[in-house]
Amino acid sequence: MGHHIVVLGGGTGGTIAANRLRRELPADVAITVVDRDDDHVYQPGLLFLPFGLTGGQDLVRPRGRQLHGGIGFRDSAVDHVDIEGRTVSLEDGGVLSYDVLVVASGARLVPEDTDGLTGPGWLERVFTFYDLAGATALRDALARFDGGHLVVNVVDMPIKCPVAPLEFCFLADWYFRERGIRDRVRLTYVTPLDAAFTKPVAARTLAGLLADKGVELVTEFNTGTVDGAAGQLVSFDDRRVDFDLAVVVPAHGGASYVDRSDGLGDPLGFVPTDRHTLRSTVRPEIFVIGDAAAIPTSKAGSVTHFEGEVLTRNVMRHLAGQPLDASFDGHTNCFIESGFGKALLIDFNYDTEPLPGHFPTRAGLPLLAESRLNHLGKLMFAWLYWHVLLPGRDLPGVPTAMPTAGKHIPAPTP
């Protein structure tokens with residue numbers, strides 16, 4: 001009898017992991033993917049939906065159809081995991097035993113954790129674009145908005161795609177200019193960070209871009225209350241930002257079943273994970289991919305793609321009783337849409353922050369600089385997502401480890 005691998009989550013990470021494992025493992029190894037529904041949402045597209053640049057129907061495909069033949073799919077939410085008994089209990093009453101568990105259930109929005117966020121004004125003057133329903137409602141609200149103060153607020157970190165709120169500001173500037181009302185709209189970006197971004201070089205570039213586009217930057221603002229009726233963000237230290245329309249990125253947590261699974265997660269519901277091998281630190285037969293992992297890298301689709309090769313290799317090595325490969329370096333690659341048909345590109349890992357130069361070689365795409373090529377690259381990513389990344393294929397010319405060729409890496413200080 002072969003082994004049974006259970007993958008919790010049929011999103012980006014779970015689909016990549018299952019497809020890569022199915023391709024590499026013999027047929028007597030069973031693979032089952034579990035998710036609460038059959039709707040696979042292309043989450044990068046949610047950024048474009050509020051501005052009418054895509055439709056909601058273009059972003060959703062059936063999860064089961066993204067999985068290779070020979071992979072089972074269970075359409076049920078997870079109730080809890082018994083990490084000692086190696087079983088997954090489902091809300092539909094089923095129980096799955098596993099030899100290897102891959103946690104790929106991503107991050108969930110927890111707007112209810114912020115006082116007032118889902119109270120009066122929610123989906124009327126307070127919105128989010130981080131889920132399909134919110135992005136669709138925000139599209140209609142933006143179409144009606146003809147002037148006033150629009151505030152983009154990140155409640156807390158970590159969040160999925162940390163550059164997306166900045167991209168929203170840049171696209172909002174473009175959108176209102178296209179409508180001829182930019183002079184009637186005040187744009188403000190409110191973040192709990194002490195800068196526009198977490199990495200110093202990129203933070204300076206992105207702060208400069210915000211300034212160039214007339215977007216105010218408010219830093220170190222830890223949102224305690226969203227008062228939709230009064231139109232105010234209130235920080236824990238009682239600072240206040242007024243708004244007519246608020247676009248809020250809610251706090252994130254891990255999947256709710258993690259909280260119900262004794263010993264599996266940390267206080268935020270993410271799974272403690274070795275940042276180089278992607279094996280959990282809670283049990284040797286549990287591996288983690290994507291946003292569910294508590295590792296110090298961005299919760300972004302590119303990270304999940306780069307993790308896929310290492311995770312697949314290490315699941316196979318675990319089954320064979322071999323030492324694990326500790327080669328994942330935190331490689332992250334993000335296009336940053338800046339409006340007017342341009343975008344920036346950043347590429348970094350655990351040890352190297354985003355730097356200027358080119359990617360993946362000196363003849364490649366410009367880094368930390370606006371260009372039409374980067375915008376086209378971001379648009380092309382949707383096709384690559386469905387046809388290359390999810391099937392578990394490698395991107396030609398784009399290595400798993402962060403390339404250094406083409407980057408302007410400062411000389412070490414003596």
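**The interface of domain 1 and domain 3**

Analyst: One salt bridge is found across the interface of domain 1 and domain 3, where the rule asks for a side-chain nitrogen of Lys or Arg within 4 Å of a carboxyl oxygen of Asp or Glu. Arg-20 forms a salt bridge with Asp-394, and their closest N and O atoms are 2.6 Å apart.

The model is predicted, so local features need pLDDT of at least 70 and side-chain atom pairs count only at pLDDT 80 or more, whereas totals for chains, interfaces and linings use all residues. Residues are numbered from 1 along each chain as its sequence is written, and side-chain values use heavy atoms, with hydrogens and water left out.

On the domain 1 side, at least two residues come from each of helix H1 (12-24), strand S3 (39-41) and helix H6 (301-319). These elements are DSSP runs numbered from the N terminus: helices are H or I with at least four residues, strands E with at least two. The side of domain 1 that touches domain 3 comprises 13 nonpolar, 11 polar and five charged residues. Here Ala, Val, Leu, Ile, Met, Phe, Trp, Tyr, Cys and Pro are nonpolar, Asp, Glu, Lys and Arg are charged, and the others, Gly among them, are polar.

As for the bounds, domain 1 consists of 4-106 + 255-319, domain 2 of 111-252 and domain 3 of 329-414; they come from an automatic or database domain assignment. The C-alpha centres of domain 1 and domain 3 are 25 Å apart. Domain 1 brings 29 residues to the contact and domain 3 brings 23 residues, with contact meaning heavy atoms within 4.5 Å.

The size of an interface is often expressed as the accessible area lost when the parts come together. For domain 1 and domain 3 the buried area is about 2,300 Å², and carbon and sulfur atoms give 61% of it; this is the accessible area (1.4 Å probe) that the two parts lose on being put together, summed over both. Of the area that domain 1 buries against domain 3, 29% is supplied by Tyr-42, His-305 and Phe-306, more than by any other three residues.
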